[in-house]
Amino acid sequence: MDAEQYERWSAPLRNHPRAKAGILAANKALTYLGYAIYPLLLAVLAAQGDSFFWRALLVPACCFVGVSVLRKVVNRARPYEALNIDPVIYKDTHGKSFPSRHAFSMAIIAMTWLYWCPPVGIALLVLSLAMALVRVMGGVHYPSDVCAGILIAVACGIIGFWLV
């Protein structure tokens, strides 16, 4: 992605205030959904005394720490830094673009739900893709950042929930 390409992608958002407001609202809504639905799953598992509780807690937590360390080590500049663009989603964070932690978080939550309740997990995986699109269209991540975040989450979910 280069500055010209981003401007082309984001032009419909910039030219239509409702579209821009929609991207900003989707970014918030999807983030808050993740904040709500993951603790909900943990609460249900704990209330039922389900032995999956500890794996549902520890696999995402350990992977989240790993992704956070990876972001710090790679320290890739964000598109609005490297391309000198005006992002639709305002952030003043510098670096730590790769992998996208928003995309990772939504996808690892989806994988956790997928193991316990496949229909909800599938819906959340679709919402992970929506989160990825919003983050790219918002100018805060490159496509490779969000793809890596989702792929890492899927790999962590498969290893942590189905293979271990």
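Visitor: Leaving aside its neighbours within four places in sequence, which residues is L45 in contact with?
Guide: This is a predicted model, where local features need pLDDT of at least 70, side-chain atom pairs count only at pLDDT 80 or more, and totals for chains, interfaces and linings use all residues. Residues are numbered from 1 along each chain as its sequence is written, and side-chain values use heavy atoms, with hydrogens and water left out. Contact means heavy atoms within 4.5 Å. With sequence neighbours within four places set aside, the partners of L45 are D50, F52, F53, A56 and W116.

Visitor: Which residues have the most contacts inside the largest nonpolar core?
Guide: A nonpolar core is a set of buried Ala, Val, Leu, Ile, Met, Phe, Trp, Tyr and Cys residues joined through side-chain atoms within 4.5 Å. Buried means under 20% relative accessible area, exposed over 50%, and partly exposed in between (1.4 Å probe, protein chains only). The largest core has 28 residues. Those with the most contacts inside it are L45, F104, I109, W113 and L124.

Visitor: Which element gives the most to this core?
Guide: Helices (H or I, at least four residues) and strands (E, at least two) are DSSP runs, numbered from the N terminus. Two or more core residues come from each of α2, α3, α5, α6 and α7 (143-163). With nine residues, the top contributor is α5.

Visitor: How many residues are in the other core that lies apart from it?
Guide: Members of this other core include Y6, M106, M137 and V140. Its residue count is 15.

Visitor: How far does α2 reach from its first C-alpha to its last?
Guide: Helix α2 runs over residues 17-48, which is 32 residues. The expected span of a helix is 1.5 Å times one less than its number of residues. For α2 the expected value is 46 Å, and the model comes close to it. The reach is 46 Å.

Visitor: Which helices do the buried residues of α2 pack against?
Guide: The buried residues of α2 include I23, N27, L30, Y38 and L45. Their packing partners are α1 (3-15), α3 (52-74), α5 (101-116) and α6 (118-137).

Visitor: What residue follows α2?
Guide: The residue after α2 has a positive phi, near 65°. That residue is G49.

Visitor: Is F104 buried or exposed?
Guide: F104 sits in helix α5. Beyond four places in sequence, F104 is in contact with C63, F64, V67, G149, I152 and A153. Its relative accessible area is 0%, so F104 is buried.

Visitor: How far apart in space are F104 and D145, C-alpha to C-alpha?
Guide: In sequence, F104 and D145 are 41 residues apart. In space, the separation is 9.5 Å.

Visitor: Which elements do the buried residues of α7 pack against?
Guide: The end C-alpha atoms of α7 are 28 Å apart, which agrees with the 30 Å its 21 residues should span. Its buried residues include D145, G149, A153 and F161. They pack against α3, α5 and α6.

Visitor: What is the volume of the largest pocket?
Guide: On a 1 Å grid over the protein atoms alone, a cavity is a set of points where a 1.4 Å probe fits but cannot get out, and a pocket is an open set with protein on both sides within 12 Å along at least five of seven lines; lining residues have an atom within 4 Å of a point. Grid points are joined across faces, edges and corners, and a volume is the space filled by probe spheres set on the points. For the largest pocket the volume is about 430 Å³.

Visitor: Which residues lie nearest the centre of the largest pocket?
Guide: The lining of the largest pocket has 24 residues. Its largest share, seven residues, comes from α5. Nearest the centre are Y35, F64, R101, H102 and S105.

Visitor: Is N84 buried or exposed?
Guide: N84 lies in the loop between α4 (79-82) and α5. Its phi is positive, near 55°, and N84 is not a glycine. At 68% relative accessible area, N84 is exposed.
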